[in-house]
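Let's take a walk through a protein model together, going from its overall layout to its metal site and its charged side chains. Have the sequence and the coordinates open as you read.

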Amino acid sequence: MVHITRRERFNAAHRLFRSEWDDEKNLEIFGKCSNPNWHGHNYELFVTVKGKLNPETGFVLNLKELSRIIQTKIIQKVDHKNINIEVDFMQGKLASSENLAIAIWEELLPEIVKLGVQLHCVKLFETENNFVEYYGDGY
Ligand code: NI
């Protein structure tokens, strides 16, 4: 089976904190990402799907189609937004990259399935050095 990946980028603000903890404890656990006045990241999102080749096109899937779905379901909702406050699919969740990757998977899965391919991996870079991967295998 062939795997293909589309990269999309977005900028968003967040804050990692638990309201039942004071600022000192939040800083201890979450570091700079607990800044009470928010901060942003330039996220990079890699969505990998897998499937059989369409013999007519030689494609697993037209990447324009995958891009359109990621744009509609994810990027338009998160780009230049505050993840804690403005993103519907992150309401009530801690705005960690792990939770964000899982939520993106769950948002994309029904749309990807409709295209006749399988969602393989959601990889999300929060910084150049830190990224998470989710394969839909539970948490
Ligand atoms: Ni952060």
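Helices (H or I, at least four residues) and strands (E, at least two) are DSSP runs, numbered from the N terminus. By that rule, residue I85 belongs to helix 3, which covers residues 83-86. Before going further, please keep in mind that this is a predicted model, in which local features need pLDDT of at least 70 and side-chain atom pairs count only at pLDDT 80 or more, while totals for chains, interfaces and linings use all residues. Residues are numbered from 1 along each chain as its sequence is written, and side-chain values use heavy atoms, with hydrogens and water left out.

Let's begin with the overall layout. The chain contains 4 helices and 5 strands, and read from the N terminus these elements follow the order β-α-β-α-β-α-α-β-β. Along the principal axes, the C-alpha atoms fill a box of roughly 60 × 25 × 25 Å. The chain has 139 residues, and 39% of them count as buried; here buried means under 20% relative accessible area, exposed over 50%, and partly exposed in between, with a 1.4 Å probe and protein chains only. A contact means heavy atoms within 4.5 Å. Of the contacts in the chain with a separation of 6 or more, 65% are between residues 24 or more positions apart.

Now for the sheet. Two strands pair if DSSP finds at least two bridges between them. Strands 1 and 2 pair in the antiparallel sense over 13 bridges. Strand 2 is also joined to strand 4, again antiparallel, by 7 bridges, and 4 bridges link strand 4 (residues 118-125) to strand 5 in an antiparallel arrangement.

Next comes the metal site. Which residues coordinate the nickel ion? The donors are H14 (NE2), C33 (SG), H39 (NE2) and H41 (NE2), at 2.0 to 2.1 Å. Donors are N, O and S atoms within 2.8 Å of the metal (3.2 Å for Na, K and Ca), and water is not among the atoms, so sites may look incomplete. The angles among the 4 donor atoms are 93 to 123 degrees, and the site is tetrahedral, a label that requires all angles of four donors to lie between 85 and 135 degrees. Along the chain, the donors follow the spacing H-x18-C-x5-H-x1-H. Both C33 and H41 are buried. The sheet and the site meet at H14, whose bridge partner in strand 2 is H39.

Let's return to helix 3. I85 counts as exposed, at 53% relative accessibility. Leaving aside residues up to four places away in sequence, I85 touches W38 and Q91. I85 and A13 are 72 residues apart in sequence, with their C-alpha atoms 9.4 Å apart in space.

Finally, look at the charged side chains. A salt bridge is a side-chain nitrogen of Lys or Arg within 4 Å of a carboxyl oxygen of Asp or Glu, and the structure holds 8 of them. One joins R6 to E8, with the closest N and O atoms 2.8 Å apart; R6 is partly exposed at 30%, whereas E8 is buried at 6% relative accessibility. Another joins D23 to R15 at 3.4 Å between the closest N and O atoms, where D23 is partly exposed at 48% and R15 buried at 10%. In helix 2 (residues 63-78), E65 and R68 are 3 residues apart, which means they are separated by about one helical turn, and their side chains meet in a salt bridge of 3.2 Å, N to O. E65 is partly exposed at 29%, and R68 is partly exposed at 45%. Salt bridges that share partners also join K77, D88 and E107 into one network.

Notes
Tetrahedral: all angles 85-135°; square planar, octahedral: opposite > 155°, others 65-115°.
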